[in-house]
Amino acid sequence: MSYEPTLKALPTSMRASVLIAPRTVEVRQVPVPNLTNDQVLVKITAIGVCGSDTHFFTEGHIGDLVVDGPLILGHESAGQIVAVGADISDERIGERVSIEPQTPCRVCTYCKIGQYNLCPDVEFYGAPGTDGAFSEYAVIPSDFAHAVPDSLSDEAAALIEPLSVAIFACRKAGIVAGSKVLVAGAGPIGVVITQVARAFGATVVLVADPVAQRRETVVRFGATRAIDPLTEDVAALSPAVDIFIDASGAARAIQSGIRAVRSGGRVVLVGMGQIDLELPVALIQMREIELTGIYRYANTWPLAIELASTGVVDLDSLVTGRFGLDDVSEALLKAGSDPSALKSVVLPGLTT
């Protein structure tokens, strides 16, 4: 049975943390989003803080994506369905879900071949033009609200999003049983990539990071060895690795990592850093190294939920700080101000 979308039993307004200028967010009462026929309304229970959220907050842009008006940030999100559009069965009401925070057009060439993350008209939570989830409610197409088992916490359900980044990167890298992998950066994405690489069968996962606390952390999450790139020459690793995944965006890390890859190996760039970067092109050519990047993800949520709910990947232990909607500014800056901070989450229901 389906019915016309209605919010009669729900609030018509909600609290949301709104970015109104660089380094300025303000909690405002805003309208609860209206539903279209194929959407569900989700009461948000947890939102992870991503580095891109912080970059929009501090700089007002990421590359060509420029914030040109009030914007609700936040795209790592989960919650409970409280209303559905006319084309969606009301049996979904009450379902706990992890939100895949994008709405592709579904008709372009990229969407048709399953690469909907490359859709030129995709709407993505917290990117200019599309509000995100630092709010009490959010809407998403029904098939991008993925049901999660009760064994998965609200926070872990929200962190299915960064886990999806890691899965997409490891798939692109072609990690298989016995792969030897180098990861640059032991932040949240680097830590999750480390876990996924091991889940995919990598027997060696080396992680380079200049921060001692982060090196200690990533070893706890499965790295076979953590490297201080300030004291050890990553480019001179012997034997060379099969795969290098950059989760740092740092020019020096990328250049060193490429040099550590064997002939015929692969490089995947995940971290966002400089727009332009010098690369060792002659070495890439002579070693026939495949070099690519990833842009978000596609078709990753089912596997991510499986890995997290079965304990193959530990998401709950990533959380090092919890904040309410009134403290989003602090949450956005926490990773940059505290080297022990790994992943902050915003809980709309948390009061201080």
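Visitor: What kind of model is it, and how are residues numbered?
Guide: The model is predicted: local features need pLDDT of at least 70, side-chain atom pairs count only at pLDDT 80 or more, and totals for chains, interfaces and linings use all residues. Numbering runs from 1 along each chain as its sequence is written, and side-chain values use heavy atoms, with hydrogens and water left out.

Visitor: Which residues touch the most other members of the largest nonpolar core?
Guide: Phe-134, Ile-160, Leu-163, Ile-175, Ile-245 and Leu-315 do, in a core of 102 residues. A nonpolar core here is a set of buried Ala, Val, Leu, Ile, Met, Phe, Trp, Tyr and Cys residues joined through side-chain atoms within 4.5 Å. Buried means under 20% relative accessible area, exposed over 50%, and partly exposed in between, with a 1.4 Å probe and protein chains only.

Visitor: Which helix gives the most to it?
Guide: Helix α4, residues 160–173, with nine residues. Helices (H or I, at least four residues) and strands (E, at least two) are DSSP runs, numbered from the N terminus.

Visitor: And what is Ile-160 in contact with?
Guide: Leaving aside neighbours within four places in sequence, Ile-160 contacts Ser-98, Leu-152, Trp-301, Ala-304, Ile-305, Ala-308 and Leu-315. Contact means heavy atoms within 4.5 Å.

Visitor: Ser-98, then. Buried or exposed?
Guide: Buried, at a relative accessible area of 0%. Ser-98 sits in strand β8, residues 96–99. Beyond four places in sequence, the residues it touches include Ser-77, Phe-144, His-146 and Trp-301.

Visitor: What joins the side chains of Ser-98 and Trp-301?
Guide: A polar contact of 2.9 Å. That term covers a pair of N or O atoms within 3.5 Å; within protein, one must be able to donate a hydrogen and the other to accept it, and residues adjacent in sequence count only if both atoms are side-chain atoms.

Visitor: New topic. How many salt bridges are there in the whole structure?
Guide: Twelve. A salt bridge is a side-chain nitrogen of Lys or Arg within 4 Å of a carboxyl oxygen of Asp or Glu. One of them pairs Asp-326 with Arg-15, with the closest N and O atoms 2.7 Å apart.

Visitor: Where do those two residues lie in the chain?
Guide: Asp-326 is in the loop between β19 (319–323) and α10 (328–337), and Arg-15 is in strand β1 (residues 13–21), 311 residues away. Arg-15 is partly exposed, at 25% relative accessibility.

Visitor: What about Arg-322 and Glu-155?
Guide: Their side chains form a salt bridge of 2.6 Å, N to O. Arg-322 lies in strand β19 and Glu-155 in helix α3 (residues 154–158), so this pair ties together parts 167 residues apart in sequence. Glu-155 is buried at 12%, whereas Arg-322 is partly exposed at 45%.

Visitor: Last one: which residues make the nonpolar surface patch?
Guide: Leu-65, Tyr-110, Ile-113, Leu-118 and Tyr-295, over about 450 Å². Patches are made of residues with over 30% relative accessible area and no salt bridge: like charges are joined within 9 Å, and nonpolar side chains (Val, Leu, Ile, Met, Phe, Trp, Tyr) within 5 Å. Accessible areas come from the Shrake-Rupley method with a 1.4 Å probe; for residues, only the protein chains shown count as cover.

Visitor: Where does Tyr-295 lie?
Guide: In the loop between β18 (290–293) and α9 (301–309). Tyr-295 is partly exposed, with a relative accessible area of 39%.
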